[in-house]
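Welcome! Open the viewer, bring up the cartoon view, and let's walk through this one together.

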Amino acid sequence: MNPIVVVVHGGGASSISKDRKERVRQGILRAATVGYNILKQGGSAVDAVEGAVTVLEDDPDFNAGCGSVLNENGEVEMDASIMNGKDLSAGAVSAVRCIANPIKLARLVMDKTPHCFLTDQGAAKFAAANGIPTIPGQQLVTERNRKRLEKEKLEKDAQKADCQNNLGTVGAVAVDCQGNLAYATSTGGIVNKMPGRVGDTPCIGSGGYADNDIGAVSTTGHGESILKVNLARLALFHVEQGKSLEEAANASLGHMKSKVKGVGGIIMVNKTGEWAVKWTSTSMPWGAAKDGKLHSGIDFGDTSIINLS
């Protein structure tokens, strides 16, 4: 039996206000616990990452599903992807609207189509054909994100705001009792984005990657920067070169910062149950469950450990 592990992140952030911090921490703990319980009951790594990310999509304090940031028209457009490290099967969706859980749709793309990636109208038709209910788009919009969009429109230096403030994504990686790996990543993108803008999250190799022989990664940060360096696959390349997970995460984040001035974060796991959490943004909410213990943190040097019942 392999050691079971699930690691989750709630997105790189410039800073998290005090009133939100505890809510964010609780959301991360819930997601990691759900993922870990799926693994404990013999569920697959794919089931665990989908389950964990669904919890975060349903939590309005995270930029995915309900709580997604708004594009310049004040609408929610979401991206998500998922990958099975056993056979490299993958599913992704982009620019989807009016569904609660884009990660579930990405999973269906992986399981039920010969394709890896569906977008916009094609994704919407596929969702309807597979019984995924549509919900009014406004149901995904929060008052906090309405205010964020107004503030962003007033910001003169849009490019600067773009790179540092819009780092929110959610993601999970896991290894199951069979030694299979998986990742899932989901996001609402960046505030005030052009309609149709797609970031790194649904792009296999940037927003995440899973290969049983190397490891599983989910990334967060400035999407355009992550895309330019293929961050997830870059991290696993460093693992292939003999680096530890921590060294690989640091090296790839360092490369992104020096090459394109991009900041972000990475969570990683391998089939022996080692895991790593690294970020260059100001903070990144994260949780990691292993051996009945749940490690979590938000800021540098802030780690707590609790026992899972």
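Start by selecting strand E12, residues 293–297, together with E13: the two pair in the antiparallel sense over five bridges. (Strands are DSSP runs of E with at least two residues, helices are runs of H or I with at least four, and both are numbered from the N terminus; two strands pair if DSSP finds at least two bridges between them.) Click on Lys-293 next, and you will find its bridge partner in E13, Asn-307.

A word on what you are viewing: this is a predicted model, where local features need pLDDT of at least 70, side-chain atom pairs count only at pLDDT 80 or more, and totals for chains, interfaces and linings use all residues. Residues are numbered from 1 along each chain as its sequence is written, and side-chain values use heavy atoms, leaving out hydrogens and water.

Now select the whole open sheet, nine strands with mixed pairing in the order E4-E3-E2-E6-E5-E1-E11-E12-E13. Strands E4 (117–119) and E13 (303–307) are at the edges with a single partner strand each, so one side of each has no neighbour in the sheet.

Next, pick helix H1, residues 18–40, which lies across E1 (5–9), E5 (170–175), E11 (286–290), E12 and E13 and runs at about 155 degrees to E1. Axes here are lines fitted to C-alpha atoms, for helices over the stretch in contact (heavy atoms within 4.5 Å), with angles from 0 to 180 degrees between N-to-C directions.

Finally, zoom out to the protein chain, with its nine helices and 13 strands.
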